[in-house]
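Hi,

Here is the structure I promised to pass on. Have a look at it first, and then read my notes below.

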Amino acid sequence: MSHFSDIRTQLNHPQALVKGLQAMGFDVQAVTLTPEMSIKDIQAAEIVYHNSYGDSRRAHVIARQRQLMNNRTAIGFLWDAVANLYTLQCDPYEIRHSQFGREFDYTQLQDAAIKILLNQQLQMEHDRAAVLLKFPANQYTITEQRIENKITLTIKPKQQLQTIGSAI
């Protein structure tokens with residue numbers, strides 16, 4: 001019996017997903033998907049991964065905890081080409097008992113709460129990364145403020161200094 005759960009997300013930006021997962025402390029393995037790929041090509045690009053029970057899944061993005069690189073993982077993301085969104089595949093039990101679960105205080109949560117909280121946390125980091133990708137640091141000043149489970153980003157264009165004349 002598989003311990004994996006599938007969770008429909010609103011995650012739709014591959015680079016933002018990877019950057020968001022990295023910000024959460026994961027090492028990420030991802031395949032490159034392009035708009036011209038057929039559904040058959042997208043399915044052929046899937047990577048097989050396993051959890052610690054030996055259950056296997058196929059995904060396009062796999063996140064592993066840095067501290068547990070030799071162990072199996074329970075977090076994967078499968079691209080849904082019809083909905084243009086990722087489906088999160090996770091094992092709530094493994095998340096609860098992982099270093100990640102301890103760091104983010106998932107240890108006392110029930111499976112349903114873990115899935116909701118993980119999805120919200122992933123969405124927040126995904127959206128943050130999408131904004132940072134859209135507004136490059138060399139062109140914008142970005143100030144970040146985190147309060148509980150919310151991130152506020154203030155974005156201002158950097159002022160370009162223009163030289164009007166030169167002193168001799």
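**What I found**

Ser5 sits opposite Cys90, a residue of strand S7. Bear in mind as you read that this is a predicted model. S7 covers residues 85-90, and four bridges connect this strand to S1 in an antiparallel arrangement.

Those two strands belong to an open sheet of five strands, with antiparallel pairing and the order S1-S7-S6-S5-S2. At the edges are strand S1 (5-8) and strand S2 (26-30), each of which pairs on one side only. From one strand to the next, the twist averages 25°. Helix H1, residues 14-23, lies across S2, strand S5 (61-65), strand S6 (75-80) and S7. The helix runs at about 155° to S2.

Then there is a hairpin, made of S3 and S4, with five residues between the strands. Gly54 in this hairpin has a positive phi near 85°. Strand S3 (residues 47-50) and strand S4 (residues 56-59) run antiparallel and are joined by four bridges. Val48 has Arg58 in S4 as its bridge partner. As a general point, side chains in a regular strand alternate between the two faces of the sheet. In S3, Ile47 and Tyr49 make up the covered face, while Val48 and His50 are on the uncovered one.

On to the packing. Which residues touch the most other members of the largest nonpolar core? They are Leu21, Ile75, Phe77, Leu88, Ile95, Leu118 and Leu122, out of 21 residues in that core. H1, S5, S6, S7 and helix H5 (111-134) are the elements that give two or more residues to this core. Leaving aside residues up to four places away in sequence, Leu21 touches Phe26, Val28, Val61, Ala63, Phe77 and Leu122. Another core, of five residues, lies apart from the largest one and includes Ile47, Tyr49, Ala59 and Ile62. In soluble globular proteins, nonpolar side chains tend to be buried together.

Searching the whole structure turns up six aromatic pairs. One of them is Phe26 with Phe100, a tilted pair with 5.0 Å centre to centre and 45° between the planes. Phe26 is in strand S2 and Phe100 is in helix H4 (residues 99-103), so this pair ties together parts 74 residues apart in sequence. Phe26 and Phe100 are both buried. The rings of Phe100 and Phe104 also form a pair, and this pair counts as tilted because the planes are at 45°, with the centres 4.8 Å apart.

Phe26, Phe100, Phe104 and Tyr106 come together as one aromatic cluster.

Last item: Leu117, which is in helix H5. Leu117 has a relative accessible area of 23% and is therefore partly exposed. From C-alpha to C-alpha, Leu117 and Tyr106 are 8.6 Å apart in space, and they are 11 residues apart in sequence.

Cheers

How values were computed: Residues numbered from 1 in each chain as written. Predicted model: local features only at pLDDT ≥ 70, side-chain atom pairs only at ≥ 80, totals over all residues. Heavy atoms only, no water. Pairing = 2+ DSSP bridges. Axes fitted to C-alpha atoms, helices over the stretch in contact; angles between N-to-C directions. Contact = heavy atoms within 4.5 Å. Buried < 20%, exposed > 50% of the residue type's maximum accessible area, 1.4 Å probe, protein only. Phe/Tyr/Trp six-rings, centres within 6.5 Å; stacked < 30°, edge-to-face > 60°. Core = buried A, V, L, I, M, F, W, Y, C linked by side-chain atoms within 4.5 Å.
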